[in-house]
Amino acid sequence: MDPIRRSSTLRLTGLLCLLFLVFFSRGFASHDVVSEKSSGTTQEDSRSQANSTAHKKTFPVLSFNYEHVRTPFEISLWILLALFMKLGFHIIPTVSHIVPESCLLIFVGLLVGGIIKATGEQPPILDSNLFFLYLLPPIILDAGYFLPMRPFTENIGTILMFAMVGTLWNVFFIGGMMYAVCQIDAAKLAHVDLLSCLLFGSIISAVDPVSVLAVFEEIHINELLHILVFGESLLNDAVTVVLYHLFKEFAHEQAITVTGAVLGVISFFVVSLGGVMVGVIYGIVGAFTSRFTSYSRVIEPLFVFLYSYMAYLSAEIFHLSGIMSLIACGVIMRPYVEANISHKSYTTVKYFLKMWSSVSDTLIFIFLGVSTVAGPHTWNWIFVIFTVIFCLVSRVLGVIGLTAFMNKFRIVKLTKKDQFIIAYGGLRGAIAFSLGFLLNNNEIKNLFLTAIITVIFFTVFVQGMTIRPLVELLAVKKKKESKESINEEIHTQFLDHLLTGIEDICGHYGHHHWKDKLNRFNKTYVKRWLIAGERSTEPQLISFYNKMELKQAMMMVESGSAAKLPTIVSTAKGSPKPSRAISKSREEEIRRVLRANLQNTRQRLRSYSRYELLNDALEDDISEARFRKQKEMERRIPPSLCFAVDKNQY
């Protein structure tokens, strides 16, 4: 039966192949006939039309319609190009040690834009909507969701000074000095007024978080400097947005009024605090939703991404700070969501955020290079050169002045080396380019965009390429790759409670006092509503231990060392030794004892003195035993060894 089945199968396969070839050839023949009809004379066209009525056109097997999939196909090609560039950068180690990744990506963008322009096509430009709505949110969400909260909160005062006062200083210094430059006859820029120069200063003064992340993560700078510069780049968004819209409105009206200035100050607080409130609301709603996702674990990561993105879009609807909204949402949502979602969902959230932020970062720098080639540009040597100079001077003066003021209140002072790295790390990037792209006046817009691109290239290429050797030359402390441990966490919490107690004794309500109050409020009220199950009452050390176990397991799986885990030890005879299993009831009892007694800080205990000690039955028994033992020893000592003691001597 097997040969018969094989022969029938071969015949059937051959018949199907023959039918396919015939059908395929007829399809191409019909396509050739159609092409011949279109290229023939009018008489042949009329004859073919007459014949076509008699014979129906066959169904085309293969057709070509690129316009139908052009947009998603080109998007996929750009993402694929970004991935190949990132892969090639890390494959060649010599390049990554000399040139930062952002510099290489901009160079690739210049090359791609030149090739596109050489073919006669118009290179794509980094559109502001594309940047602010699709490319920037993944980077900010990744930074906000995994923001190191302890160093951020400990240095929040210095970060706010750099982000608010420092940005205001840069705006007015650069704007005023550039207005003075425009008054020079050789510059031929007399048509650029003061309001336009202040508008340009608000665009170019802000430190860019994308560029800072791209450069500082490669040089592995210490955590203090990293959080100061990166925190400044995140929080100066509110100042930049308010001043940009304020000066844009003033430039349109050609007048500055007292009412407008007062409303601008009020708008700053509305934009910043409003963005934070929107992020907090969405973060709380997202954390509360994660309480009920245990019924469907697949959709858990989607809630994290959608609530965060909706927080950003909701802030942008009311012209609030979308960056601060996204940061607040990620910071509020993370501790509660991680306690509710599964390990697989946590891994999905982590790696999807890292992947998408990396792709967005790569696309931004490539598009910067392509947009530079696309133009148009209005080159003015005096304006461009003085823009670069004044950006450097204002940054240095602002950092030195603010650091001298903040060191009076800081416990850990910022040294001269730290000040140099903070000033040198003030990089500009795609946010400045996108804000400049939104301008309406084409003549001033092209002039400003040319200067902005020059400053971006100078900071990314010159400062970005030289900051690594300068860090090594100055022997600046780098980030220490240390593993977290329970011992370190216990000592950290001990110091926190000790400092809180010292502040209570001194009557000084400082940072640790309010932090302890917030933690108590969170543990008493918030956790019970936002965390499901017994984990809402879980002590902090137990929660930290669970996170360490999860992190260690993920690291072992990533490194491929899961197969090297110790198994059950064999006995001398080679037979496996049975392991002792703990029953479920015993395990729950152990967990309950640990939760109840492992971490009970700042308990209200009864005060006592040595004159008001309570009688303890155990202490009475011990005293009685000591008295009897002493009497027994005195009885056994011979009288000859005893001597009389005159009590009057004492």
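**Core and aromatic pairs**

Setting aside neighbours within four places in sequence, phenylalanine 383 is in contact (heavy atoms within 4.5 Å) with Met178, Cys182, Leu189, Phe200, Leu447, Phe448 and Ala451. The model is predicted: local features need pLDDT of at least 70, side-chain atom pairs count only at pLDDT 80 or more, and totals for chains, interfaces and linings use all residues. Residues are numbered from 1 along each chain as its sequence is written, and side-chain values use heavy atoms, without hydrogens or water.

Phe383 and Leu136 have the most contacts inside the largest nonpolar core, which has 129 residues. A nonpolar core is a set of buried Ala, Val, Leu, Ile, Met, Phe, Trp, Tyr and Cys residues joined through side-chain atoms within 4.5 Å. Buried means under 20% relative accessible area, exposed over 50%, and partly exposed in between (1.4 Å probe, protein chains only). Helix H20 (residues 442–474) gives the most to this core, 13 residues. Helices here are DSSP runs of H or I, at least four residues, numbered from the N terminus. A second, separate core has five residues, including Ala287, Tyr336, Ala339 and Ile531.

Now the rings. Rings of Phe, Tyr and Trp (its six-membered ring) pair if their centres lie within 6.5 Å; planes under 30 degrees apart count as stacked, over 60 as edge-to-face and the rest as tilted. The count is 21 aromatic pairs. Phenylalanine 268 and phenylalanine 269 are edge-to-face, 5.1 Å centre to centre with 70° between the planes. Phenylalanine 268 has 15% relative accessibility, so it counts as buried. Phenylalanine 269 has 45%, so it counts as partly exposed. Trp169, Phe173, Phe386 and Phe390 form one aromatic cluster.

Note on methods. Helix = DSSP H or I, 4+ residues; strand = E, 2+ residues; numbered from the N terminus.
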